[in-house]
Amino acid sequence: MITHVYNFLEQRLLTHFDKKLFVENSGKSISYNEFDIACKKLATTIINKEIYQSPILIILPKGIDCLISFMGIALSGNYYTLLDEKTPLERIQKVIAILKPKLIITNKALNLGIDTLFPQDFDSFSIDNEKIMQVKEKHIDTNLLYVFFTSGSTGIPKGVSIAHKSVIDYTFWVCETFKFSDNEILANQAPFYFDNSILDIFSTIKSGATLHILPTHLFAFPAKIMDYLQEHQINTIFWVPSVLIYFANVNALKGYDNLNLQKILFCGEIMPTKQLNVWRKFLPQAIFANLYGPTEITDVCSYYIVNRDFKDDDMLPIGKACKNTELLVFDDNKELIQSSQVGVKGELYVRGCSLSLGYYDDKQRTSQAFMQNPLHDKYLDLVYRTGDIVSYNEFGELLCYGRVDNQIKYMGHRIELGEIEVAVNGHRDIRNSACIFKDEIICFYESDNELNLQAYLKDKLLGYMIPKQYIRVDKFQLNANGKIDRKVLYEI
């Protein structure tokens with residue numbers, strides 16, 4: 001019975017002892033056995049500090065030391081939070097105020113008055129298997145594995161708390177649905193403090209695969225990434241759409257005839273079909289899948305494996321629920337919208353094993369987002385309000401139009417700005433777009449030249465949905481997770 005994420009590694013040690021598990025682009029690598037030893041050394045050191053079921057803060061760059069920290073902390077009976085090493089001190093202090101960590105693992109000399117371990121000392125630590133076994137025997141799968149902090153609208157970060165059971169359930173689903181085996185060679189794009197990385201890390205370990213860790217800054221140079229994919233025969237990627245869009249826009253796949261890419265998964269924002277069609281043209285035999293889900297439900301709750309052709313201005317479905325997950329769509333009166341009600345929009349709610357255990361030390365926010373299933377009150381049955389507007393299409397698949405807070409009321413009409421962006425992105429000369437509302441709808445678009453989008457959209461959208469102002473940008477500024485930074489647009 002799998003109750004701890006370490007069980008995945010334990011099983012793979014029996015068959016993949018000396019195989020490379022993680023590889024950094026610098027060439028540094030670690031085998032399954034070496035990783036196990038390093039994790040046990042760290043776990044023993046933490047146990048000896050008599051820290052148990054407590055938060056431990058990691059402030060490290062993306063790399064093998066970070067992954068050793070993840071598993072070592074979990075094996076010690078504790079849970080981790082990761083912040084990027086470039087995180088401003090003010091945000092670090094806000095997270096510490098909420099988390100109250102007992103220990104910090106970092107390369108930096110931080111004077112925070114908290115006990116600190118440094119990765120350069122990991123090798124000198126020793127292993128006490130008996131102490132590790134005693135901690136493992138007390139473990140249950142509802143214990144926390146990690147707390148990931150997202151931005152809060154009040155300026156106070158929200159700590160999404162995820163248990164072992166949710167990551168275990170998700171990892172089984174990924175490996176089963178996409179037929180992951182020990183032949184997978186993955187290339188990681190997502191920062192490790194971003195929940196998309198959960199698929200990369202734990203699916204790799206469970207399936208006996210190899211994960212290549214690529215630094216975030218390298219994705220500004222598509223040719224370097226493509227060279228790496230080809231050289232190392234990468235066959236599986238799980239990237240955010242903004243990166244795929246950028247690579248399609250600069251024609252990065254052209255000339256790479258020996259790519260071994262077989263599975264291209266993406267998640268994190270709406271993927272325009274125009275750029276997806278570019279990828280499908282270059283890799284006609286590959287599997288493409290659109291995954292969807294907020295951090296609060298362990299990364300992904302629905303998926304769509306692309307199985308038909310789409311026009312450049314079509315909307316790509318987010319599909320159907322993952323196994324062991326239920327998706328519910330409710331209107332404003334909490335009435336359930338059925339899959340037969342094609343085109344009727346509502347807010348998406350999620351229930352299942354994947355749900356977060358709430359926001360860390362924040363009962364008020366937790367009660368607002370995680371609520372009793374509106375369909376009954378017979379027993380405790382929590383659902384998560386995603387805040388996303390969806391509807392069913394004629395295939396019974398869900399379409400996602402974007403955030404409820406990206407829905408506006410204008411001239412008496414409700415408008416999803418995401419729906420406008422889909423229409424704009426269908427223009428052949430548009431690389432990407434984003435719409436905001438400041439007294440009127442403003443459309444920002446990325447292209448080489450000024451375009452007459454007002455005329456183009458007349459045949460695409462209802463009159464009240466057509467933006468009043470258009471602003472061309474050379475290139476959208478992206479946030480740390482690789483998505484369009486919309487906050488910057490409001491300041492223009």
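**Notes on a predicted model**

1. Residues are numbered from 1 along each chain as its sequence is written, and side-chain values use heavy atoms, with hydrogens and water left out.

2. You will find Q341 in the loop between strand 16 (325-330) and strand 17 (346-352); strands are DSSP runs of E with at least two residues, and helices are runs of H or I with at least four, numbered from the N terminus. With a relative accessible area of 31%, Q341 is partly exposed (buried is under 20%, exposed over 50%, partly exposed in between, with a 1.4 Å probe and protein chains only).

3. Next, look at F149 in strand 7 (residues 144-150). F149 counts as buried, at 10% relative accessibility. Its C-alpha atom is separated by 4.3 Å from that of G159, ten residues apart along the chain.

4. Beyond its neighbours within four places in sequence, F149 is in contact (heavy atoms within 4.5 Å) with T81, R91, V95, I98, L99, P157, K158 and G159. One of these, I98, is 43 Å from Q341 in space, C-alpha to C-alpha, and 243 residues from Q341 in sequence.

Definitions and conventions: Predicted model: local features only at pLDDT ≥ 70, side-chain atom pairs only at ≥ 80, totals over all residues.
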